[in-house]
Amino acid sequence: MSADAKLIPSATQTAGPFFHFGLLRPEWADLTHGGKAQGEKISLEGRVTDGDGAPLPDAIVEIWQANAAGKYEHPDDAQDKPVDKNFRGFGRAFTDKDGIFRFTTVKPGPVPGRGNALQAPHIAVSLAARGLLHHLFTRVYFAGEALNKSDPVLSSIDDPALQKTLIAEPKGKSNGSAVWRFDIVLQGKGETVFFDF
Amino acid sequence: MAEIKEYNRERPGGQPANDWPAYASTVKRHPTRPPVALKQTLTEITGPTFADGWTGPEMLDLTKQHKGEPIGERMILAGRVLDEDGKPVPNTLVEIWQANSAGRYIHPNDTHPAPLDPNFTGRGHVVSNDKGEYRFLSLIPGAYPWRNTYNAWRSKHVHFSVFGPAFATRIITQMYFPGDPLLEFDPIYNSVPDEAARQRLIAAYDPNLSEAEWALGYRWDIVLRGRHATPAGI
């Protein structure tokens, strides 16, 4: 907190069960601008489940990522890398009745970490839902990436079982694109690692 | 080498914990392990930007989305998106959704016996202007029953989704109305530990915002996390 902060920030509150009509943006689940974005097209999908293993039919999954060159479409990214006019890097999807969400996007390039560190390709995730008073943040990494071993965030998690909850696994192809599976477990066995920042 | 100008962390007591059994839906949905503290990187201090209008035409007037006029008390709902230092947050997406004046959502899962209004959807969105301001015309939503406990009623509220400048600043929240007797009994509102932070969620009636013979004015500012003065991680 900066010393001169004056105002109390707004607290979060649950999105409740009735958000669908208010936040409906089905086109935001495709980050590739109809396939025009540069880079390797991928499908990112997964299931969100609760402490009983029951799917959440009322969750909002939002993602934020760099483009294929590892550049964020944002003024604070000062890297000398190309922006892609067909790739904004933000997506939103709702889970369906089976708790499944799906995005069409591109595999992000590596981005800088703190200091001299390089971060492995990853996608930031925010999850909101009925029953969550505060959204949850997690990250999607990709199995088999050489940079995973040296990624400062992944390697800060010592327990391999916990680390595994952050790593999407390849699940074949769909419409010519690689499918990456990333399940999110809110509670209990296999509980996903969530971040606070 | 990236210079990271971090956003402030959330203040203790200023945010609800997800483990809050008074709100029954949290019981099977709250994580049991504490979140892992992550030092912000370029990923967290960036986020979607909205200045170029890609989110499409604004929806500012919720009373004129259908053929006729919806029934209820007209409300001008206006305010600013600010950071903790009081600086406006311009060009950020503000989305709202709400029940109609009878307390019924147009959502198919809301089947409680209050009437739908064929002239009211209850959805709006706008990108904040260069002063961080937003303004909607809507109706005061009704309170509605829910099954959290026997005979439970939600306080009147409008749902807000706001992004701010970074993924770190994104929030989804609810705005409440001053003097609502249901607030005292509302476990969602009361999930915020700090009294002053709870008060922040209540709009103010503003007679100067009201328009004569037309609509009541409610003013509500949204305050997002501010930034550290000095960069880190160089």
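Predicted model: local features only at pLDDT ≥ 70, side-chain atom pairs only at ≥ 80, totals over all residues.
Figure 1. From the N terminus on, the elements of chain A follow the order α-β-β-β-β-β-β-β-β-α-β-β-β-β. That gives two helices and twelve strands. The radius of gyration of chain A is 17 Å, close to the 16 Å from the globule rule for 197 residues, so chain A is as compact as a globular protein of that length. The C-alpha trace of chain A spans about 50 × 40 × 35 Å along its principal axes. Of the 197 residues, 51% count as buried. Among contacts in chain A with a separation of 6 or more, 70% come from residues 24 or more positions apart.

**Figure 2. Strand β8 of chain A, residues 136–142, is mostly covered.** Seven of its seven residues are buried. In a regular strand, side chains alternate between the two faces of the sheet. Both faces of β8(A) are covered. On one side lie A:L136, A:T138, A:V140 and A:F142, which are buried.

**Figure 3. β8(A) pairs with β7(A) in the antiparallel sense.** Strand β7 of chain A covers residues 122–129. Six bridges link β7(A) and β8(A). In one of these pairings, A:I123 has A:V140 of β8(A) as its bridge partner. The hairpin of β7(A) and β8(A) has six residues between the strands. In this hairpin, A:G131 takes a positive phi near 90°.

**Figure 4. β8(A) also runs parallel to β9(A).** Strand β9 of chain A covers residues 167–174. Two bridges join β8(A) to β9(A). A:F142 stands opposite A:A168 in β9(A).

**Figure 5. Chain B meets chain A.** The contact takes 72 residues from chain B and 61 residues from chain A. On the side of chain B that touches chain A, several elements each supply at least two residues: β1 (36–37), α1 (42–45), β3 (93–98), β8 (157–162), β9 (171–176), α2 (195–199) and β12 (222–224). The residues of this side of chain B divide into 32 nonpolar, 26 polar and 14 charged. The predictor gives the complex an ipTM of 0.96 and a pTM of 0.97. Chain B averages a pLDDT of 96, and 98% of the residues score at least 70.

**Figure 6. Strand β12 of chain A joins β1(B).** β12 of chain A covers residues 195–196. Two bridges join β12 of chain A to β1(B), and these strands run parallel. A:F195 has B:V36 as its bridge partner in β1(B).

Definitions and conventions
Residues numbered from 1 in each chain as written. Chains lettered and ligands numbered in written order. Buried ≥ 20, exposed ≤ 12 C-beta atoms within 10 Å, placed from the backbone. Helix = DSSP H or I, 4+ residues; strand = E, 2+ residues; numbered from the N terminus. Pairing = 2+ DSSP bridges. pLDDT = per-residue confidence, 0-100. Contact = placed C-beta atoms within 7 Å. Nonpolar A, V, L, I, M, F, W, Y, C, P; charged D, E, K, R; others polar. Rg over C-alpha atoms; globule rule 2.2 N^0.38 Å.
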